Amino acid sequence: MDDLIKRAKELIETSAVKVVIGYEQGTGNKTRALFVEKSEDADKLIFDSRCVQNLAAYVTKKEVKEKGKMAIAATLPVMRSIIQLASEFQVNDNNLLVLGITPESKLIEFGNLVEVETFVHQYTIEIDARNKEMLDKLAKMTQAERWKFWIDELAPCFKCYACRAACPMCYCHQCTVDFNQPQWIPVPSHELGNLEWHIMRAIHLTGRCIDCDACYNACPLSIPINLLTKKMLEDAKEHFGGYQPALKGDHLMSTYKPDDKENFIH
Amino acid sequence: MSKIGVFVCHCGENISATVDCAKVAETAGNYDGVAYSVDYKYMCSDPGQNLIKSAIKEKGLTGVVVASCSPRMHEPTFRKACAEAGLNPFMCEMANLREHCSWVHEKGEATTEKAIDLVRILVEKVKYNHSLSEIKVPVTKTALVIGGGIAGIQASLDIANTGHKVILIERDPSIGGHMSQLSETFPTLDCSQCILTPRMVEVAQHPNITLYTYAELESLEGFIGNFKAKIRRKSKSLDEKLCTGCGLCTTKCPAKKIPSEFNEGLGKRTAIYVPFPQAVPNKPVIDRINCTYYIKGKCKICEIVCPTGAIRFDQEDQIMEVEVGAIVIATGFTVKQPDFFPEYGFGKYPDVITGLQFERLASASGPTLGEIRRPSDGKIPEKIVFLACAGSRDPAKGIPYCSKICCMYIAKHAMLYQHKVHGGKSYVFYMDIRAGGKMYEEFVRRAIEDDGVNYIRGRVSRIYEKNGKLIVDGADTLLNAMPVEIEADMVVLATAGVANEGAEELAQKLHISYDPYKFFAEAHPKLKPVETNTAGIFLAGACQAPRDIPESVAMASGAAVKVAGLFSQDELTREPIIAVVNRQAPPVYSSCVGCFLCISTCPYQAIEKEEIKNRNGEVIKSMAKVNPGLCQGCGTCVAFCRTKSIDIQGYTHEQMYTEVMALLNEY
């Protein structure tokens, strides 16, 4: 990714941006996020197939935002997240420059978010075959079997909230679970608490989740919580005609249209 | 520590027949924070209210739970009683022991247990109640009346005569509506136009009324006292200021064969036209669909002949925004048209016509100048058959209701026919004669007894043509369903009165409800007949259900009084049950993250963006803000907010949670 390093250096040196967010070599065989603020740090930037962390999670963080204009090395899922975040007024052209990395690993610098949106819209969000199979399997279960599946899967969760920290859409300063007057969602990691937390997360992400799997990748116990959001994605497709993040889109869950197929609402 | 008073009402026997009210009061008396608990026969009565008032004063109550009926009727009563005793009215809650418990369950311990639960929920909630004060909003003292038929005309005049401004919009080129099409009116047989046209002129000349014809409602925002309406003024292709209404253009227009809407297709009009001679305003419009210039790109004869140069072919529709405080909907109705009655050959045989078409034939200003001549060959029919309930009261046709006006106008039609065609024979097929109304029954009897109209009780199965006659096959149910066959020259169908086309879309624009037949729904069938469920929007005339002229006028005057009442105050008070976005100390300011999904979810456009700026004027936080004037307290935004940054006053998260926990926890 020599182009990326070169471009990052230019951007920092010309003060076009204050920070470039990308990936660097981490411990072991892992990669981690890198925040380039000095041009010599740009040499640490890498990009390869291991770089799956959704860096868009950082653009809403106060500590990063405070530095000034950001540039971000964005893969397709990251770009989708950015469009969704922009539609929720969290980022805009004034504070974010997107250095896109195409699925063919080519660097494209976008002039503005409208261009990013156009690029993103060339691809539809598809659930991969392995997870699709799992969703079908779950759908075929009886309600009791499915209930047991989730109780068992969620039992070991100890609420480290890594899923929340990794998710670019979980940018709220006060998460519902942090709301304690009253405490709607129980904090303890018991059966009910875990269930309520994960159901709530899936509901809050419906019509917003772009299926990047960051939550699953971040989970230290590899609980397949992404199946919940994937199921919501499928349901959204069935009931609301599909989902594609858009800058000036009608939000899937919050928008009422007079031509809704359900007529009870009229 | 709270000091709560619990007041359990017997509601005569409505509650006490199945609920042990004394036990409810006794149990509630033992709850933490309850300082006083009592049951009484009628809590809403004067002594009942005094019980509450004196307890507030003597025990120093901080909250009140009245366990009685649904809050719909008596919440204002008890809140007022609390306020009179010096307690904030919003510290009073009602547990619905009647509709939610005693009426729907049988007598028994479980029923009393449920009543106790309902009371406990509210006792726990009221501990978290806060004093709230009513919201005051200003009133824009201008009314919008939609529809310029007799109902709209009457409402406009009545409102205007109270000294308030009225904007009247009508989608057709002239006001007048269906009434202007009628020949004579029942039960007096006076000429419809003669009594209507003076009113039409009065509307046009009234200093408080602004009339826009050829105009429709585009959109509506806002709320009672403060609506913002967008009105589309369709292009008339005419400069109305220059036009003198001389009518030269309408005589020279080459497109002369367009079926006239005013004459229900029985006459023809030109492309540039005034719908009828007494039209208000008496200035033409160009019907662009049928105008030679708009079809072929050349003609412009009207422009050449116009002595004042008033024709404007390039005129575009104008969208006008007006602010109004109240709206009267008087959009009227329509009648079922051809193809709905294949069994009666309607649309196939030209001499099978609707009642409205008959009105035009009988009208002196109609296509036959008031002579009853059949459309096919212009002959005077010697035998005429009138069919009541064509579509109406017919569940198979999807119209189970009675169209109400037909019985009367059929009697009138038959009478007019007998008066105009001496020696003619007229028959009426009817199911029942519904002539409820002042002088109505007498009118029908006159038709039967004095004018010799033959009334046959029975329905008609089909109508077909044979040897130039219309054969009407029916049955006389008063003669043991004996078949009746009449060879008629003309048949008039009293086709069902139905909701106007586009009624559903208009209702959605106005956020008002409507019934399964797409007639607009009144707020209460008996006690609020001219109100809708949306405050500040009223109904008049046949847009609510089929109505005759006296009823439409009465409704219009009723709606006008409601509007005048609303306009009699400078400010409206509203309940403070509205959403608020929380505010916190800097540097957080609010837990709202400004995703603004609430803006798209709000059905009342009540949420806006608020920017918090530092001393240098830089924006440091962007968050949601609820406009208290617009918010209706529906709570959709509360459910949507991920950060739980929005609360409904009086129904906060804390209050709701407490209610749920009160139900789940053991006591």
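**Exercise 1.** Is B:Val660 buried, partly exposed or exposed?

*Solution.* A word on the model comes before the steps. This is a predicted model, in which local features need pLDDT of at least 70, side-chain atom pairs count only at pLDDT 80 or more, and totals for chains, interfaces and linings use all residues. Residues are numbered from 1 along each chain as its sequence is written, chains are lettered from A and ligands numbered from 1 in the order in which they are written, and side-chain values use heavy atoms, with hydrogens and water left out.

Step 1: recall the classes, where buried means under 20% relative accessible area, exposed over 50%, and partly exposed in between (1.4 Å probe, protein chains only).
Step 2: B:Val660 has 39% relative accessibility, so the residue counts as partly exposed.

**Exercise 2.** Find the salt bridge partner of B:Arg233 and classify both residues.

*Solution.* Step 1: apply the rule, a side-chain nitrogen of Lys or Arg within 4 Å of a carboxyl oxygen of Asp or Glu.
Step 2: the partner is B:Glu240, and the closest N and O atoms are 3.7 Å apart.
Step 3: with a relative accessible area of 23%, B:Arg233 is partly exposed; B:Glu240, at 26% relative accessibility, is partly exposed as well.

**Exercise 3.** Now try the salt bridge between B:Lys379 and B:Asp377.

*Solution.* Step 1: the closest N and O atoms of this pair lie 4.0 Å apart.
Step 2: B:Lys379 is exposed because its relative accessible area is 54%, while B:Asp377, at 39%, is partly exposed.
Step 3: look at chain A too, where salt bridges that share partners join A:Asp128, A:Asp211, A:Asp213 and A:Lys230 into one network.
Step 4: over all chains, the count of salt bridges comes to 51.

**Exercise 4.** Describe the largest cavity by its volume and its lining.

*Solution.* Step 1: on a 1 Å grid over the protein atoms alone, a cavity is a set of points where a 1.4 Å probe fits but cannot get out, and lining residues have an atom within 4 Å of a point. Points are joined across faces, edges and corners, and a volume is the space filled by probe spheres set on them.
Step 2: the whole structure holds 12 cavities of 30 Å³ or more, and the largest has about 150 Å³ of space.
Step 3: 16 residues line the largest cavity, and the closest to its centre are B:Cys595, B:Phe596, B:Cys598, B:Cys641 and B:Thr643.
Step 4: sort the lining by class to get 12 nonpolar, three polar and one charged residues (Ala, Val, Leu, Ile, Met, Phe, Trp, Tyr, Cys and Pro count as nonpolar, Asp, Glu, Lys and Arg as charged, the others, Gly among them, as polar).

How values were computed
1 Å grid on protein atoms, 1.4 Å probe; cavity = no way out; pocket = protein on both sides within 12 Å on 5 of 7 lines; lining within 4 Å.
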